[in-house]
Amino acid sequence: FWSLDLRQAICASDCLTPANWKTDFVDLDTREGWSTSLRVEESGRVHVAYRPYGEGTDLPLDVSEGLRYATCAEFGGGICGEGDLMGWPTRSVDPVGGRYASLAIDGSGGAHIGHYSRDGGLRYSACEAACLTADAWQSVTVSPAAPLNSFTSLVLDGNGRRHIVFEDDDQDLAYATCASDCTAASSWRTRKVHDAGDWVTLAVDENGRVHTLVVDGALTYLH
């Protein structure tokens, strides 16, 4: 969550007791941490995708725009969040993206993010390993026809296929998928799914079937 700075809150047990929650600073840059997505590996490593919340301020472009990534390995008894860590290692991922990010982590610790660019368009960013290094990330436009202010949902299935649902420029629900070489635009296939596409979420079952919820005046389940 953000409160002028991006923070993580964590609770190990009895989480209805306020005193059992601890927080850490993830990014101390001014007004960081809008449109966040968080995932935790079985090892305890925490991954966060987010966009700095500086648009419309006097912050420089490299702070006020772009998709960023932060990660924290297990420490302090296996918990990223002992209350004394003053910022995690972070990395700029895509300077033109970051709106409404959706993050997934694969079985090898690689990171995959679906998000919108600041000019419109669905973007996909990925890192196979060493995701805090400058040249580890690659990004591609999956669909140039997407709005600025809607949601995405990205999921990896058991075979590593990427699935994304998003709102297209007609405000319809659209679906994109890619099996391999997904940082090449030609590897993606997209199609319209439904006549409305806001507030979406996605899941893929063990048989590879895609399920999604979307708000279109009511909450609608599609599969």
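**Reading the terms in a predicted model**

Visitor: Which strand gives the largest share of the lining of the largest pocket?

Guide: That share, three residues, comes from β9, where a strand is a DSSP run of E of at least two residues and a helix one of H or I of at least four, numbered from the N terminus. This is a predicted model, in which local features need pLDDT of at least 70 and side-chain atom pairs count only at pLDDT 80 or more, whereas totals for chains, interfaces and linings use all residues. Residues are numbered from 1 along each chain as its sequence is written, and side-chain values use heavy atoms, without hydrogens and water.

Visitor: What makes Tyr124 a lining residue of the largest pocket?

Guide: A pocket is an open set of points on a 1 Å grid over the protein atoms alone, where a 1.4 Å probe fits, with protein on both sides within 12 Å along at least five of seven lines, and a lining residue has an atom within 4 Å of a point. Tyr124 is listed in the lining, as are Asp106, His112 and Arg162, so Tyr124 has such an atom.

Visitor: Why are strands β3 and β4 said to pair?

Guide: Two strands pair if DSSP finds at least two bridges between them; β3 (residues 34–40) and β4 (residues 46–51) have five, in the antiparallel sense, and therefore they count as a pair. Within this pairing, Arg39 stands opposite His47 in β4.

Visitor: How do you know where confidence is lowest and where it is highest?

Guide: The pLDDT is the predictor's confidence in each residue, from 0 to 100, and its mean is lowest in helix α1 (residues 61–64), at 46, and highest in β9 (residues 122–127), at 96. Where pLDDT is low, the predicted coordinates should not be read in detail. Over the protein chain the mean is 82.
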